[in-house]
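I opened this entry to keep a record of what I looked up in the structure, item by item. The notes follow the order in which I went through the chain and its ligand.

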Amino acid sequence: MNPPYPPPIDRVLYTEEQIEQRIREVAAEITARYRDRSLKLIGVLKGSVFFLTALARHLEIPVRVDYLAISSFSASKSSPGVVRIAKDLDEPIEGDDVLVVEDIVDTGLTLRYLLQTLAGRGPNSLGICTLLDRTSRRLVQVPVEFRCFEIGDHFVVGCGLDHKQYYRNLRYLAVLKPEAKG
Ligand code: PRP
């Protein structure tokens, strides 16, 4: 059975206009930071694709894009975040200014692993940009340099964030009704 559309949401957290405005602001910060350089954006599949695309359209520096996919699983209850690369980048990053782009940072375990792995490949610099930062769930500290929004402990869909792989395509960010989570 198909999931309901429009989705069963509690409330809209940020509208399309608010998100677009904030992305423009963050893109301006990134443009200023990397002026006179070129930047490689690395998207972490799948959620970041929507944000990465919106962000890149407002960057006024030379940009390249590459993607990787990670898979995470819990080996045991005492080790919550074991992460590995399921699809690697197409190109090397040696000597590049790299910005890892995420839709959301929660525990930080994914990014800690990614930063360690990517740092070993010799980039000139390695930064993080995320659409959403949910610091209340953080287990390990990661240096998030650019963030659009800090959010509370809500289950959010839209702008790349999914519920059972659906609703990534919503142009707004919304809190799903608790009973809809299933
Ligand atoms: C989300 C997000 C990050 C990760 C963050 O991906 O895109 O990669 O979780 O969580 P963490 O900080 O607790 O490690 P998800 O596993 O939902 O995959 P998706 O992007 O394909 O939806």
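**Cis peptide bonds**

I began with Pro6, which lies in the segment before E1. I noted that a cis peptide bond joins Tyr5 to Pro6, with omega at about 0°. I keep in mind throughout that this is a predicted model. I then looked up the peptide bond from Leu45 to Lys46, which is also cis, with omega near -5°, and I placed Lys46 in the loop between strand E2 (39-45) and helix H2 (48-56).

**Salt bridges**

How many salt bridges does a search of the whole structure find? The search gives 15, and I followed up several of them.

Glu16 counts as partly exposed because its relative accessibility is 36%, whereas Arg171, at 58%, counts as exposed.

I next took Glu20 and Arg24, whose side chains meet in a salt bridge at 3.2 Å, N to O. Both residues belong to helix H1 and are four residues apart, about one turn of the helix. I have Glu20 down as partly exposed, with a relative accessible area of 29%, and Arg24 as partly exposed, with 47%.

I then found Glu145 in a salt bridge with Arg33, where the closest N and O atoms are 3.0 Å apart. Glu145 lies in the loop between strand E6 (125-133) and strand E7 (146-150) while Arg33 is in helix H1, so this pair ties together parts that are 112 residues apart in sequence. Glu145 is partly exposed at 36% relative accessible area, and Arg33 counts as partly exposed at 42% relative accessibility.

**The open sheet with E8 and E9**

I traced an open sheet of three strands, in the order E1-E9-E8, with antiparallel pairing. Its edge strands are strand E1 (9-14) and E8, each of which pairs on one side only. E8 and E9 run antiparallel and are joined by two bridges, and I noted that Val157 has Ala174 in E9 as its bridge partner.

**The loop between E8 and E9**

I checked two backbone angles here. Gln165, in the loop between E8 and E9, has phi near 75°, a positive value in a residue other than glycine. Tyr167 is found in the loop between E8 and E9, and its phi is near 75°. Are these residues buried or exposed? Gln165 is partly exposed, with a relative accessible area of 46%, whereas Tyr167 counts as buried because its relative accessibility is 6%, under the 20% cut-off.

**The ligand**

Which of the 14 residues around the ligand come nearest? I listed Gly47, Glu102, Asp103, Thr107 and Thr110. In the side chain of Thr110, an N or O atom is 2.4 Å from an oxygen atom of the ligand. For Asp106, a backbone N or O atom lies 2.9 Å from a ligand oxygen, and for Arg168 an N or O atom in the side chain is 3.0 Å from an oxygen atom of the ligand. Taken alone, the ligand exposes 500 Å², of which the protein buries 76%.

Notes
Residues are numbered from 1 along each chain as its sequence is written. This is a predicted model: local features need pLDDT of at least 70, side-chain atom pairs count only at pLDDT 80 or more; totals for chains, interfaces and linings use all residues. Side-chain values use heavy atoms; hydrogens and water are left out. A salt bridge is a side-chain nitrogen of Lys or Arg within 4 Å of a carboxyl oxygen of Asp or Glu. Buried means under 20% relative accessible area, exposed over 50%, partly exposed in between (1.4 Å probe, protein chains only). Two strands pair if DSSP finds at least two bridges between them. A residue is near a molecule or strand if one of its heavy atoms lies within 4 Å of it. A polar contact is a pair of N or O atoms within 3.5 Å; within protein, one must be able to donate a hydrogen and the other to accept it, and residues adjacent in sequence count only if both atoms are side-chain atoms. Accessible areas come from the Shrake-Rupley method with a 1.4 Å probe; for residues, only the protein chains shown count as cover.
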